[in-house]
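Hi everyone, thanks for coming. Let's look at a structure together, and I'll walk you through a few parts of it.

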Amino acid sequence: MTVYEFAKGLILEAGNNVKKIMKEDIEIETKSNPNDLVTNVDKATENYIFENILKTYPNHHVIGEEGHGHDLNNVTGVVWVVDPIDGTLNFVHQKENFAISIGIYNDGQPYAGFVYDVMNDALYHAKVGEGAFENENRLPEIKSTTLSTSIIGINPNWLTKPRLGELFKPIVEESRSARAYGSAALEIIHVATGKLAGYITPRLQPWDFAGGHIILNEVGGKGTDLMGDALSIYEPSSIVMANKQLHAELIEQHFQKNNEIIGLLQQRLKNK
């Protein structure tokens, strides 16, 4: 069994466990603020994935949202980047619109990505160079769009922040429309499937984007930070994920012209 096949089975098993645990009482805690939630399901799912990876591949490394591997940086070999429940607010309040996300890297290079929309039983997966799939159906290349004909994903909370609002409001105004789904992993998948043309956020952790980014690349999309620089799986970053035409338009006509604001944002990210 390849690592890819093992990971595919593991994420499906983890999703089935989530469905079982959801029928019991969910224990909710807050992390950095009252809206930053973690549940017993997040923790149990990450532990399940972590233990099964290391039982099968003891030399692999795991970076997980709920604590595993946060001290890793530039590790050689195979690194799994895991978000056990992406969209925890949705999980708590809606019992849907959340996903399990896994990105696998070998010596710093992407190997495979997985995003499992648990309640819709839709597994999005890709092995680098072999295309991307929704369950067993191959995803087509995504189409190019301009901002004026694009629906973009963006959290409306960012529009209320003084400097970020100055950066993002013109983009929302110029776009055809904007949406917020509450799960970064699923929003990146929406870009990969053409439901969104782009997804933008000023701050995202590696476990939120690792799996989806690999899938997006396999359908001809592009993901970078707001200045167009490559993303790292070892640190948070600003994010723009889009089809290549829209990505270029956003970088060249919006973000690079506001490099002072973005520079301050990137500095804040480094200081946190």
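Let's begin with helix α1, where V3, Y4, F6, A7, L10, I11, A14, G15, V18, I21 and M22 are buried, meaning under 20% relative accessible area with a 1.4 Å probe, protein chains only. Seen down the axis of α1, these buried residues fall within an arc of 170°, so they line one face of the helix; the arc is taken from the directions from the helix axis to the C-beta atoms. What covers them includes α2 (40–56), β4 (78–86), α3 (88–93), β5 (99–106), β6 (109–117) and β7 (122–127). Contact here means heavy atoms within 4.5 Å.

A word on the model: it is predicted, so local features need pLDDT of at least 70 and side-chain atom pairs count only at pLDDT 80 or more, while totals for chains, interfaces and linings use all residues. Residues are numbered from 1 along each chain as its sequence is written, and side-chain values use heavy atoms, with hydrogens and water left out.

Next, S101, which sits in strand β5. S101 counts as buried because its relative accessibility is 0%. Beyond neighbours within four places in sequence, S101 touches V81, V82, D83, F114, V115, A185, W207, G211 and G212.

A185 and G212 bring us to our last pair: A184, A185, I188, I189, V191 and A192 in α5 meet D208, F209, G212, H213, I215 and L216 in α6. By class, that contact has 9 nonpolar, 2 polar and 1 charged residues; Ala, Val, Leu, Ile, Met, Phe, Trp, Tyr, Cys and Pro count as nonpolar, Asp, Glu, Lys and Arg as charged, and the others, Gly among them, as polar.

Notes:
Helices (H or I, at least four residues) and strands (E, at least two) are DSSP runs, numbered from the N terminus. Buried means under 20% relative accessible area, exposed over 50%, partly exposed in between (1.4 Å probe, protein chains only).
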